[in-house]
Amino acid sequence: MTTTLTRAARRRPPSTTPPPRRRRTSWWPYLLIAPTVLATGFLLLYPLARNVLISVQEFGLPQLVRGDARFVGLANYAGVLGDPEFWAVVRRTLVFTAINVVLIMVLSTSVALLLVRLGKWARLLVMSGLVLVWATPVIAATTVFQWLFQSRLGVVNWALVELGFDGYRDYAWFADGPATFAILVALIVWQSVPFAALSLYAAMVTIPSDLYEAARMDGAGAWRVFSAITFPVLRAMFGLITCLEVIWVVKAFVQIWVISQGGPGRATTTLPVYAFQVAQSLQRYDLGAAVSMLMVLLLVLALLAYFRQMYRQEELS
Amino acid sequence: MTGRVSTGRALRGVAAAVVFVVSVFPVYWMVLTAFKPTRDIQAATPTFLPLSLTFEHFGTAVSAQGFWSFWRNSVVVAGGAVLLSLAVALLAAFAVARLRWKGRRGFILMVFVAQMTPWEALLIPIYVIARDTGMLDTLWMLTLVYFMITLPFTVVTLRGFLAAIPVDLEEAALVDGCSRAQAFRRVVFPLLAPGLLATSLFGFITAWNEFAFANVLIIKNQDDRTLPVWLSSFSNTFGTDWGATMAASTLFMLPVLLVFLVLQGRVTTGIVGGAVKG
């Protein structure tokens with residue numbers, strides 16, 4: 001990190017620094033950011049510190065009531081890491097995240113490429129549909145999916161039976177682990193594609209058309225054009241959106257909690273659900289805090305590469 | 001050659017239709033169910049067009065216990081959080097987009113990191129802090145939490161919008177004898193209005209949607225619950241009454257949808273622009 005910093009600083013000749021905007025040093029900027037910094041300190045850093053504290057204490061319901069928690073060092077972490085259940089949850093979270101993010105990225109890239117090629121009216125129609133999905137609140141969408149996949153009256157089962165899959169008559173999706181998992185994937189992908197597709201479309205429109213014309217003159221096919229021009233030019237954009245989707249999918253809680261509460265069995269218990277279950281139903285706030293710290297750690301590790309790249313961009317801009 | 005071109009065109013048309021139907025169908029099905037008489041909902045063969053409509057389910061949803069107070073709670077909490085974060089973020093966005101100062105990059109990095117925080121991981125400490133400060137079961141606590149959840153995003157997006165407004169305009173106003181505050185109010189603010197709208201709508205959706213904290217922080221005082229929590233318990237209580245559940249869901253998404261449709265063009269370009277720049 002430091003080497004990048006100094007290298008960037010050295011590389012930039014003095015003349016290309018952005019024009020100084022107004023007074024160079026005064027206390028104004030600090031006054032302007034003070035509320036944001038204070039709010040972040042009290043409402044983000046303090047709870048985070050508190051979470052670290054709880055995770056190294058013995059903190060159950062009695063301690064919550066009496067407030068006499070004692071320190072137990074890393075015992076909670078040892079307990080969590082030594083529990084095979086936790087590792088099963090981590091594996092499930094990784095699989096869940098991978099399936100969702102791959103589907104989201106492939107589908108939204110396809111939709112964005114389609115949008116670029118559509119005529120004005122068709123594009124407006126598809127975009128309106130996407131915006132409608134985007135505007136659907138999570139809880140409403142979750143309830144609707146429960147209704148679509150309802151066993152007796154659900155329209156999905158009806159359609160499957162009509163198509164000849166007779167086994168789906170009155171099929172109880174939410175009683176089966178993999179089926180519930182699949183519905184959650186469908187729900188999250190459905191909700192996530194609009195943002196990713198519209199952002200990618202907005203970025204694709206900015207690519208100069210002569211790049212494409214040159215490629216077409218050279219006789220490049222659609223896939224070649226995508227892999228040689230669209231993707232490389234928008235690499236940063238693809239990176240940013242993938243990272244955002246990873247974060248959103250890993251921390252998805254409401255959909256899972258409302259539809260299945262992590263069940264049936266443990267089929268849909270991902271990390272946030274697990275942390276909540278441990279804290280809420282077992283009243284082991286200490287273990288819950290340790291699990292959520294490990295989740296943050298996992299996310300940070302996964303996104304480290306992206307943070308570095310972002311920091312470098314901030315340096316150069 | 002023409003043959004190939006028109007096949008491509010037809011394929012694109014089909015693809016567009018598929019994307020449109022898959023996006024819209026769940027929402028269409030929700031609204032349609034909400035208006036269908038119960039006998040049509042329970043029919044063996046579903047009907048896809050509105051044959052006979054009823055407002056009965058909306059009546060059930062609206063007259064369910066506490067509906068109006070939960071509605072009001074949600075509006076107050078989400079609206080309060082958005083106004084608070086707009087005010088705070090506008091100051092910070094101005095400092096970042098317009099002024100140069102030591103520590104600016106560090107501040108930007110802090111905001112980015114805050115934006116990526118998995119909030120659900122902080123349920124337990126925030127619950128404990130709320131309890132220790134006597135803020136448990138208050139809408140104030142919820143407003144503060146939502147304010148913090150929307151703040152980083154608001155700073156990043158407003159910074160994007162502000163940066164897009166040329167500094168020259170402001171400087172011209174200064175030369176014309178405006179004070180800096182006047183220049184901001186008369187020149188920058190009107191240009192920033194669409195950005196403020198887009199940003200506040202997105203913040204509003206986030207707060208309007210939030211379930212986990214509302215579910216954990218408001219326990220004893222059931223009258224202070226918000227709509228998402230109400231809706232999830234509603235679909236449990238009325239689990240078999242799908243008409244009423246879908247009517248409740250429709251009422252829940254209505255305000256967001258209305259604002260979104262009114263502002264559609266601006267919001268989409270604005271948020272996407274913010275994301276691209278952010």
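Biologist: In chain B, is B:Phe94 buried or exposed?
Modeller: In this predicted model, local features need pLDDT of at least 70, side-chain atom pairs count only at pLDDT 80 or more, and totals for chains, interfaces and linings use all residues. Residues are numbered from 1 along each chain as its sequence is written, chains are lettered from A and ligands numbered from 1 in the order in which they are written, and side-chain values use heavy atoms, without hydrogens and water. With a relative accessible area of 11% (buried is under 20%, exposed over 50%, partly exposed in between, with a 1.4 Å probe and protein chains only), B:Phe94 is buried.

Biologist: Happy with that! What is the relative accessibility of B:Phe184?
Modeller: B:Phe184 also has a computed class, and that class is buried. Its relative accessibility is 18%.

Biologist: How many aromatic pairs are there over all chains?
Modeller: Rings of Phe, Tyr and Trp (its six-membered ring) pair if their centres lie within 6.5 Å, with planes under 30 degrees apart stacked, over 60 edge-to-face and the rest tilted. By this rule, the total over all chains is 40.

Biologist: Which kind of pair do A:Phe165 and A:Tyr168 form?
Modeller: A:Phe165 is partly exposed at 46%, and A:Tyr168 is partly exposed at 29%. Their rings lie 6.5 Å apart, centre to centre, with 80° between the planes. That pair is edge-to-face.

Biologist: And what is the angle between the planes of B:Phe94 and B:Phe184?
Modeller: Back to our two Phe residues: their ring centres are 5.3 Å apart. The pair counts as edge-to-face because the planes meet at 90°.

Biologist: How many residues apart in sequence are the parts that B:Phe94 and B:Phe184 tie together?
Modeller: Helices here are DSSP runs (H or I, at least four residues), numbered from the N terminus. B:Phe94 belongs to helix 4 (residues 67–98) of chain B, while B:Phe184 belongs to helix 9 (residues 180–209) of chain B. The parts tied together are therefore separated in sequence by 90 residues.

Biologist: Which Tyr, Phe or Trp residues of chain B do ring pairs link into a cluster?
Modeller: Good one to have on screen. The cluster held by ring pairs consists of B:Phe67, B:Trp68, B:Phe70, B:Trp71, B:Phe204, B:Trp208, B:Trp230 and B:Phe252.

Biologist: How far apart are the end C-alpha atoms of residues 90–306 of chain A?
Modeller: An unreviewed UniProt entry places "domain: ABC transmembrane type-1" at this span. The chain there is 77% helix and 0% strand. The end C-alpha atoms are separated by 21 Å.

Methods:
UniProt positions are given in the numbering used here, feature names are shortened, and annotations may be inferred rather than shown by experiment. Helices (H or I, at least four residues) and strands (E, at least two) are DSSP runs, numbered from the N terminus.
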